[in-house]
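Welcome! Please take a moment to look over the sequence and the 3D view before reading on.

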Amino acid sequence: MSDSPLEFDLDEVSPRQLIWQRFKRHRLAMVSIVFLVLIYLMAGFCEFVTPYGTETRNVKAINAPPMTIRFVDEGGQISLRPFVYGYDMHVNADTWMREYTENTNFRYPIYFFSRGERYRLWGLIDTDLHLFTTGHKGYVHFFGTDQLGRDLFSRVFYGARISLSIGIVGVVLTLFLGIFFGGVAGYLGGIVDRLVQRIIEVLQSLPTLPLWMALSAALPVAWSSIGVYFGITIILSLFGWPVLARQVRGRFLALREEDFVISARLLGASRMRIIFKHMLPSFTSHTITTATLAIPGMILGETALSFLGIGLRPPVVSWGVLMQQAQNYQVIVMTPWLLIPGLFVVLTVMAFNFLGDGLRDAIDPYSANREAS
Amino acid sequence: MVRSSISVITLRVILLPVLVFLKIAGVTADQAVLPKAWFEPSRTASELGITKFSQSPILSGLELPSVEVRLGKDPLVVSPLADIGRYGGTIRITRNEWLTFPNVESPMTISADMRTILPNLAQSWQTSPDGRRLTLTLREGIKWSDGKPLVSDDFLFVFNDLWLNDEFDPIPRRMAKGGRAEKIDDRTFYYEFENPNPLMVNYVAQYGSFMFLPKHYYQHFHPRYVEKEMLSRRIEDLGFISWMEYIEACRRQLIEESVDQPTVDAFQIVERTPTLARYIRNPYYFKIDPKGQQLPYIDKIDQQIIDNKEVIAAMSATGQLDFSAFELKTQDIPLLKLGEQSGDIRVLIWNRLHSSDVVIQPNYNYPDKRLAKLYWDHRFREALSIAINREEMNQIIYFGQGTPSQMTAHPSSAMYDKQFASAYADYDPARANFLLDALGLIDTDGDGLRDYEDGEPLTITLEFVDWETPKGISLELVSIYWREVGIDLRLKLVDSSLQSERAQANKMQMTVWHGDKVTDILLPISPLWWAPIQSGRENTLWNDWVRWRQTNGRLGVKPPPIMTQLQEWADEMYSTIDDKRRIELGKKILDVGAKNIWTIGTVGLAPQPVVISPKLRGVPDNGIWGWDNRWTLSYHPSTWYFE
Amino acid sequence: MRAYIARRIFGMLPTLALISIIIFVVIQLPPGDIVTSTLDRLQAEGVEVSNDQIQNLRAQYNLDQPMVFQYLHWIGGFVVGDMGYSYLYSRPVNELVWERLGYTLLITVSALIFTWAIAIPAGIYSAVRQYSIGDYLLTTVMLFGLATPSFLLALIVMYIGYEWFGITIGGLFSPEYRDVPWSLDRVSDFLGHLWIPMVVVGLSGTASTMRILRANLLDELNKPYVVTARAKGVRPIKLLIKYPLRIAINPFISTIGLLLPVLISGEAIVSIVLGLPTTGPALIQALINQDMYLAGSFLMLLAILTVIGMLLSDLLLAWSDPRIRYE
């Protein structure tokens with residue numbers, strides 16, 4: 001349109017590249033995305049990443065503190081291969097404490113890509129290859145062990161698989177419900193709009209916790225772990241959609257009057273076609289941002305339900321389940337490493353928030369940072 | 001004193017040296033330091049020649065009759081653990097200890113040996129030769145905290161006017177079924193039953209504190225004594241919906257109005273708010289120490305109401321409570337011991353009386369016939385039992401201080417046999433796998449868990465309430481052990497009321513409860529773990545067989561011969577007046593139980609932390625903790641005092 | 001304006017009716033009913049319960065009536081101010097609610113004030129110094145509050161409160177101040193305990209509040225009138241407070257009502273962890289035990305408060321922005 005060189009240069013940059021340029025400026029978002037990719041990868045391959053299964057017990061290390069990874073041994077010798085010292089456990093007859101001291105006679109080198117417990121990756125591939133183990137003797141517990149002597153490091157990543165996927169699955173469900181109701185209300189208007197508005201109003205007037213509680217208590221007792229998992233996910237998303245629906249509705253109302261929608265209508269396009277072909281794509285970016293910011297709510301919701309004893313339950317390992325078992329005064333005073341799963345929850349939730357912020361800044365630079373909720 | 005002709009249990013124990021029991025028990029030699037008097041009927045002031053009485057300083061100056069008048073004719077003398085105590089102090093506890101700390105009084109009480117019944121409010125009792133009638137004679141001069149005498153009518157009121165009232169108890173309780181209470185005079189009355197009920201005396205010893213109420217107070221809220229319209233107006237004014245609700249709430253000290261009711265216990269409630277209950281010493285309490293000082297030594301109780309058990313554990317560890325035990329578990333001991341180092345608390349390690357902290361109960365009458373049939377196969381039960389590594393459980397959960405055991409009688413019981421405790425209790429996963437293979441339970445779909453022969457997955461859902469003993473952590477371990485032999489056990493934590501409902505409705509595949517009712521007082525009247533005689537929230541093994549028995553075959557399912565045999569034995573054990581025969585029958589029942597593994601036990605006789613203030617004296621260092629001996633009752637908390 | 005108010009109030013009624021039905025259904029959803037709790041209580045005293053006679057008990061509690069009748073019975077009483085009777089606590093619900101609601105509102109309101117006291121200055125700072133180290137730091141700290149599950153935070157703060165400040169665990173008063181008449185000492189003891197739930201409940205909301213304010217403020221700060229005023233030499237602080245801040249705070253007004261249910265959920269969990277005598281734990285107990293009148297009336301009351309809150313904020317908005325009235 002214009003011959004100005006500046007405009008010409010801009011034409012060379014696709015919108016996607018532009019977004020990426022802007023996104024890169026948000027440092028915390030960049031760090032977050034690296035963190036999230038990493039943790040999702042580790043959760044995805046948790047059988048391989050962790051040295052032990054979720055139920056492997058080490059009776060010699062019950063409630064044992066995290067082990068120190070060493071490169072230098074007692075005698076000051078430097079070893080390129082990291083190693084840990086084994087624990088001597090001693091139950092103190094006076095304090096009833098299990099006291100652990102490192103025994104320098106037992107030195108367990110850490111081997112990478114080594115053989116350990118057998119497992120089935122994703123229930124398909126039968127193997128015993130792990131990212132690291134101490135071979136066939138000794139044991140390594142980076143995050144210490146829990147009250148049954150199970151390796152917390154392993155459990156944290158198995159838990160990550162459940163908790164992180166609940167976030168994703170839940171958000172997809174929420175998005176579906178939100179876009180459906182919001183879109184229908186916004187596009188059709190009239191009675192449908194008023195009905196949806198009312199439902200939203202009702203759902204927002206009630207504290208979610210009691211509703212979650214009642215619904216989870218209503219889940220059939222005999223359901224399998226998978227059933228409960230999806231049950232909980234659905235419950236979490238049932239109360240998450242109104243926020244999104246309101247945003248979508250607002251967008252639809254605005255878009256309905258936009259030129260391109262009106263011309264599509266005049267050209268005789270069907271409603272469905274208008275909604276899916278023309279209107280939805282125009283706010284994909286916005287939806288992605290909202291979804292990113294909704295995932296942490298799901299993750300936190302899962303931990304809250306577990307805390308109340310109505311969420312997931314053993315043998316399923318999730319961050320909520322791990323935190324529920326660490327939810328007492330004794331843990332803070334005596335075995336604080338059992339709070340590590342909590343740290344992962346905090347970091348992940350923060351990362352998603354930073355990522356959401358960064359995305360919004362990048363995608364939507366003009367309505368700068370506006371929170372639509 | 002008139003001694004009962006049939007309380008042979010009592011006589012036997014007096015003849016047997018206490019130490020023999022301690023040796024059998026192998027639980028705690030420290031019990032030898034308990035005062036001998038705690039194992040014998042308490043003596044009275046006149047028997048000991050006590051003539052001078054005194055009272056707590058907080059009572060002087062109040063408008064009360066003199067202490068001699070209040071104590072009555074011949075007060076009961078209770079020896080403290082070691083030294084004579086001193087008056088004073090307020091003890092801080094939580095509401096959860098409301099039955100474990102305040103000295104709750106019954107007509108009879110249970111000795112520290114957990115097998116002897118001792119006189120208390122009643123000075124004597126007599127069971128008729130046919131076993132149908134139990135006559136009680138109350139001690140003379142015992143008064144309610146308002147000064148009114150304790151009389152036979154107070155007992156008759158509960159039995160006839162409440163328990164047999166179909167508005168108050170639409171469901172007649174087992175204790176009252178087919179019975180009635182009659183008065184002979186103000187201090188003498190009897191319970192009479194259609195069928196022989198010679199062990200009614202055990203019921204009175206265990207549940208006696210629920211068996212009487214101050215009639216002169218409660219009759220104002222009962223339709224038999226108040227005109228209907230006036231009663232409903234009175235109840236409505238108080239904000240209640242029925243007189244039954246009011247009496248229940250008042251009796252259980254749930255409401256502000258509870259402070260109006262008199263008591264014979266050591267403490268009377270004087271304030272009740274949603275967050276707090278306060279008690280003060282009962283000026284008419286009928287017990288004294290050997291120096292003639294009226295008990296209790298402690299003047300007041302402050303009960304805080306805290307719903308969260310973890311908060312209670314934290315409060316116990318940080319010295320905010322002077323007595324705490326009910327909500328504490330074995331795993332809390334290190335935290336408590338750490339708190340002990342600060343000098344704010346003392347941590348005593350008592351012993352829980354549960355033969356097994358967790359009693360795993362398959363539901364033999366579960367509607368899914370395939371699962372029920374599997375349960376009924378001895379090989380399956382054996383496999384489940386020996387797949388559990390009890391020694392490892394003992395190390396992990398109990399610091400190696402518990403006793404791996406099946407569910408059987410307590411070592412203090414005359415029916416105890418070591419063989420019963422160790423039957424099928426040794427860890428043997430290889431044999432468990434062999435047995436399960438032999439049953440045709442093979443993993444057909446390759447998920448590592450066994451399936452039925454036709455390929456349908458075998459899963460067992462276990463519902464449980466996490467109460468009193470460490471059930472959650474134990475079951476998590478059990479589920480791991482079972483998965484290691486290919487059995488898919490799913491755990492579901494439920495609320496206790498839901499457990500009641502699902503137990504009644506026979507909906508549970510498997511459940512657990514803690515293994516109490518194991519001493520000579522309770523086992524003979526309810527051997528519920530080994531014979532289908534009753535069912536409820538704690539026992540869900542065989543509802544249909546129990547119902548068959550209760551309805552004489554009208555409802556339920558006819559039990560198999562072995563169960564009929566056990567029911568007959570249990571009936572005879574309950575109704576025989578021959579003590580030797582009773583023990584013999586009890587052993588038979590336990591023997592069949594041990595051979596058949598009706599239930600699966602884990603670890604029992606486990607350490608129970610009891611936290612007390614370092615200033616609190618008179619508490620035994622080593623006691624036995626549980627429902628069967630009413631927690632602290634045989635250690636006389638009224639003699640505990642602050643230094 | 002009057003017509004608008006009337007229309008809004010009238011419009012609340014169907015919403016509330018719908019809410020009451022949802023509450024009723026949701027409470028009935030889980031298996032079991034209040035009779036099961038009664039059975040439980042009887043069994044604890046050694047009463048043997050037989051299945052055949054449970055119906056008797058159900059009839060006593062009107063549970064054998066059709067659902068619709070039970071619903072009408074409850075809501076009919078509620079409308080005239082009788083919230084029914086709690087079988088769980090054996091007392092009228094009205095009594096239970098009032099003695100607990102005070103503490104709940106106190107914690108909730110103080111948490112709300114705490115949230116604003118922290119979030120508004122932080123939001124202003126972050127907007128004015130966008131992308132500075134302070135901006136990042138504040139955002140991170142606030143997000144930390146949002147990201148920590150409140151039960152974990154409550155536990156940690158409880159521990160810190162005890163270890164560092166000697167604040168007793170459990171309850172809202174030290175033992176010596178429980179159930180004594182109000183005095184200056186008692187008030188200060190109470191405040192000493194109040195800050196723990198206040199901080200924990202409040203922290204979860206600071207991050208989003210601050211973020212919204214920051215974004216709104218940034219929008220305003222880039223507008224021509226601000227640029228002009230700045231160019232004309234109006235003092236920055238005065239300028240900020242006089243115009244952009246006032247406009248940026250507007251959206252808060254519309255969300256006050258919606259905050260209540262969120263804070264109540266948070267308060268319930270925190271009170272359970274800390275053992276506080278507020279509505280939260282009682283509500284959860286009532287839900288678990290299916291104490292219909294207590295749980296239902298509680299939730300209904302909260303819903304009404306929320307709806308009124310939303311109405312008030314709408315009215316406030318309408319009053320400040322006449323266009324809304326005629327929409």
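How many of the 11 residues of helix H8 (residues 228-238) of chain B are buried? The count is zero, and this helix is hardly covered. Keep in mind that you are looking at a predicted model.

**How the chains divide into domains**

| Chain and domain | Residues |
|---|---|
| Chain A, domain 1 | 67-140 |
| Chain A, domain 2 | 155-365 |
| Chain B, domain 1 | 34-104 + 265-353 + 606-642 |
| Chain B, domain 2 | 108-214 |
| Chain B, domain 3 | 215-258 |
| Chain B, domain 4 | 359-604 |

In chain A, the C-alpha centres of domain 1 and domain 2 are separated by 40 Å. In chain B, there are 43 Å between the C-alpha centres of domain 3 and domain 4.

**A sheet in chain A**

Chain A holds an open sheet of three strands, which run in the order S1-S2-S3 with antiparallel pairing. At its edges are strand S1 (70-72) and strand S3 (98-109) of chain A, each of which pairs on one side only. Ignoring direction, neighbouring strands of the sheet are turned by 50° against each other on average. What holds such strands side by side? In general, strands of a sheet pair through backbone hydrogen bonds, in either a parallel or an antiparallel way.

Now follow strand S2 (residues 78-91) of chain A: S2 and S3(A) pair in the antiparallel sense over nine bridges.

**Where chains A and B touch**

How many residues of chain A are in contact with chain B? There are 22, and they meet 25 residues of chain B. The element that gives the most to chain A's side is helix H14 (residues 329-334) of chain A, with four residues. Sorted by class, this side of chain A has 13 nonpolar, seven polar and two charged residues.

**A look at chain C**

Chain C has 13 helices and two strands. Of the 327 residues in chain C, 44% are buried. Among the contacts in chain C with a separation of 6 or more, 73% join residues 24 or more positions apart.

Definitions and conventions:
Residues are numbered from 1 along each chain as its sequence is written. Chains are lettered from A and ligands numbered from 1 in the order in which they are written. This is a predicted model: local features need pLDDT of at least 70, side-chain atom pairs count only at pLDDT 80 or more; totals for chains, interfaces and linings use all residues. Two residues are in contact if their C-beta atoms, placed from the backbone, lie within 7 Å. Ala, Val, Leu, Ile, Met, Phe, Trp, Tyr, Cys and Pro count as nonpolar, Asp, Glu, Lys and Arg as charged, and the others, Gly among them, as polar. Domain bounds come from an automatic or database domain assignment. A residue is buried if 20 or more other C-beta atoms lie within 10 Å of its own, exposed if 12 or fewer, and partly exposed in between; C-beta atoms are placed from the backbone. Two strands pair if DSSP finds at least two bridges between them. Axes are lines fitted to C-alpha atoms, for helices over the stretch in contact, and angles run from 0 to 180 degrees between N-to-C directions.
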